[in-house]
Amino acid sequence: MKLDVIKLDGGAAGDVELSEEIFGLEPRADILHRVVRWQRNKAQAGTHKVKTRSETSYSTKKIYRQKGTGGARHGDRNAPIFRKGGIYKGPTPRSHAHDLPKKVRKLGLKHALSSKVASGNLVVIETAALDEAKTKILAKQVKELGWKRALVIDGAEVNEKFALAASNIEGLDVLPSIGANVMDILKRDTLVITKAGVEALEARLK
């Protein structure tokens with residue numbers, strides 16, 4: 001599969017051969033859903049916590065005698081039945097992460113890349129580099145190219161000046177190839193990959 005390569009100024013820079021087994025798959029929603037769910041659950045903090053009856057700040061003294069009051073039997077005010085008492089079986093800090101086979105994760109990334117090709121939202125650029133870290137220059141180029149919500153994936157390393165300029169532009173994210181992931185790819189309208197990024201992704205996913 002061949003795709004045209006452009007420069008940041010919009011000029012043509014030849015073409016690139018994309019691997020069919022990475023960029024030419026029929027996107028499957030179930031695979032993408034599994035990987036996104038795995039990512040979101042892994043990122044969840046899981047710091048939710050309530051106080052049990054041993055942690056609330058009432059006295060542990062029995063509130064009244066066992067018999068003879070005409071009321072129900074009770075111990076102390078920390079019991080879950082009372083207002084501001086301890087919570088019974090409430091949430092405690094835990095990890096929400098679950099296992100997902102590596103081959104499914106890899107397949108999910110392939111399907112995410114293929115979905116951008118299928119929708120015509122994949123752009124390959126020659127390089128993502130700037131001579132000086134000027135947001136104004138990059139913002140103008142991005143506007144002319146029509147990228148509103150875009151993710152730029154570079155090779156092994158991201159150009160420092162490009163990343164610095166891009167950090168001030170809303171809706172533009174930059175990642176090295178090792179940081180490419182399904183959720184970030186899917187939530188952006190346009191996926192932009194450098195030639196070095198294409199080579200790195202193909203080496204990673206083959």
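This is a predicted model: local features need pLDDT of at least 70, side-chain atom pairs count only at pLDDT 80 or more; totals for chains, interfaces and linings use all residues.
Contact here means heavy atoms within 4.5 Å.

Helix α7 covers residues 195-205, and its buried residues are G197, V198, L201, E202 and L205. Looking down the axis of α7, these buried residues fall within an arc of 130°, so they line one face of the helix.

What do the buried residues of α7 pack against? Here are the partners:

| Element | Residues |
|---|---|
| β2 | 12-17 |
| α1 | 20-23 |
| α3 | 102-118 |
| β3 | 122-125 |
| β4 | 150-153 |
| β6 | 190-194 |

Take α3 from that list. The axes of α3 and α7 come within 11 Å and cross at roughly 145°, and α3 passes α7 in a left-handed crossing. On the α3 side the meeting residues are K106, L109, K110 and L113, while α7 brings L201, R204 and L205. Sorted by class, that contact of α3 with α7 holds four nonpolar, three charged and no polar residues.

Now for the cores. The largest nonpolar core has 27 residues, and the members touching the most others are F23, L113, I153, I185, L191 and I193. Helix α3 supplies the largest share of this core, with four residues. As for I185, setting aside its neighbours within four places in sequence, its contacts are L109, A112, L113, K116, L151, I153 and L191. Another core of 16 residues lies apart from the largest one, and its members include I125, W147, A150 and V192.

Key. Residues are numbered from 1 along each chain as its sequence is written. Side-chain values use heavy atoms; hydrogens and water are left out. Buried means under 20% relative accessible area, exposed over 50%, partly exposed in between (1.4 Å probe, protein chains only). Helices (H or I, at least four residues) and strands (E, at least two) are DSSP runs, numbered from the N terminus. The arc is that of the directions from the helix axis to the C-beta atoms. Axes are lines fitted to C-alpha atoms, for helices over the stretch in contact, and angles run from 0 to 180 degrees between N-to-C directions. A crossing is left-handed if the near helix is turned anticlockwise from the far one by less than a right angle, and right-handed if clockwise. Ala, Val, Leu, Ile, Met, Phe, Trp, Tyr, Cys and Pro count as nonpolar, Asp, Glu, Lys and Arg as charged, and the others, Gly among them, as polar. A nonpolar core is a set of buried Ala, Val, Leu, Ile, Met, Phe, Trp, Tyr and Cys residues joined through side-chain atoms within 4.5 Å.
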